[in-house]
Amino acid sequence: MSASLDEPARQAAVPTVGSPNSTNGIEASMRVVSLTFASLAALMHVYIFWMESLRWEHAATRRVFGTTPEQAATTRQLAFNQGFYNLFLAIAAGAGVVLFWWPVVSATLLIVALGSMVLAALVLVANDRGRARAALVQGLFPSLGLVFLALSASS
């Protein structure tokens, strides 16, 4: 089946802002809210990158993560690497926001990036219930972004 034959089916299955399938402005509003939460999630993960990869052994970062100077020195390389994972998730979410005008690509990037952020938050709390607050901070914006993205597609 050619790509041109798939286009009408794609448009019917995934309505876009301003498409003939859009019944009102609710879809556009939900999309804007989704992109706002995705942007906040991306900014949060850039901040986490900054702490983990660039400031890991500083006292303020150690307080946030509850590590001693010795633990921070021992885990420095792991935190550096983990910080870059957070940066890459932020870049993917940011790309999904920037490419809002290309709905299928934008939604795909957002689902993968925000979904990964939410899953990482769930792993954090599943591994250590004492990290529930950190998991909430890490997962709230991406969760809300996904919810509103789903609402924008179902409007």
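In which helix is Trp50 found? Trp50 belongs to helix H2, which covers residues 26-54. The structure is a predicted model, in which local features need pLDDT of at least 70 and side-chain atom pairs count only at pLDDT 80 or more, while totals for chains, interfaces and linings use all residues. Residues are numbered from 1 along each chain as its sequence is written, and side-chain values use heavy atoms, with hydrogens and water left out.

**Overall architecture**

The chain contains six helices and zero strands, giving the pattern α-α-α-α-α-α along the sequence. Helices (H or I, at least four residues) and strands (E, at least two) are DSSP runs, numbered from the N terminus. Of the 155 residues in the chain, 32% are buried. A residue is called buried under 20% relative accessible area, exposed over 50%, and partly exposed in between (1.4 Å probe, protein chains only). The accessible surface of the chain is about 9300 Å², and carbon and sulfur atoms account for 69% of that area; such areas come from the Shrake-Rupley method with a 1.4 Å probe, and for residues only the protein chains shown count as cover. Among contacts (heavy atoms within 4.5 Å) between residues at least 6 apart in sequence, 61% join residues at least 24 apart.

**A surface patch**

Tyr47, Trp50 and Leu54 make a nonpolar surface patch of about 310 Å². Patches consist of residues with over 30% relative accessible area and no salt bridge; like charges are joined within 9 Å, and nonpolar side chains (Val, Leu, Ile, Met, Phe, Trp, Tyr) within 5 Å. Trp50 itself is partly exposed, at a relative accessible area of 36%.

**Salt bridges**

Side chains of opposite charge can pair when their charged atoms come close. Two salt bridges are found in the whole structure, each being a side-chain nitrogen of Lys or Arg within 4 Å of a carboxyl oxygen of Asp or Glu.

| Salt bridge | N to O distance |
|---|---|
| Glu57 and Arg76 | 3.4 Å |
| Arg131 and Asp128 | 3.8 Å |

In the pair formed by Glu57 and Arg76, Glu57 lies in the loop between H2 and H3 and Arg76 in helix H4, so the bridge ties together parts that are 19 residues apart in sequence. Glu57 is partly exposed, with a relative accessible area of 39%, and Arg76 is also partly exposed, at 45%. In the other pair, Arg131 is partly exposed at 31% and Asp128 is partly exposed at 36%.

Asn86 is placed in helix H4 and is buried, at 8% relative accessibility. Leaving aside neighbours within four places in sequence, Asn86 is in contact with His45, Ile48, Phe49 and Glu52. Ala79 also has its place in helix H4 and is buried, with a relative accessible area of 5%. Not counting residues up to four places away in sequence, Ala79 touches Glu52, Ser53 and Trp56. Between Ala79 and Arg55, the C-alpha to C-alpha distance is 9.8 Å, at a separation of 24 residues in sequence.

**The largest pocket**

Which residues lie nearest the centre of the largest pocket? They are Glu52, Phe65, Gln82, Leu124 and Gln138, out of 30 lining residues. H4 supplies the largest share of this lining, eight residues.

Technical notes: On a 1 Å grid over the protein atoms alone, a cavity is a set of points where a 1.4 Å probe fits but cannot get out, and a pocket is an open set with protein on both sides within 12 Å along at least five of seven lines; lining residues have an atom within 4 Å of a point.
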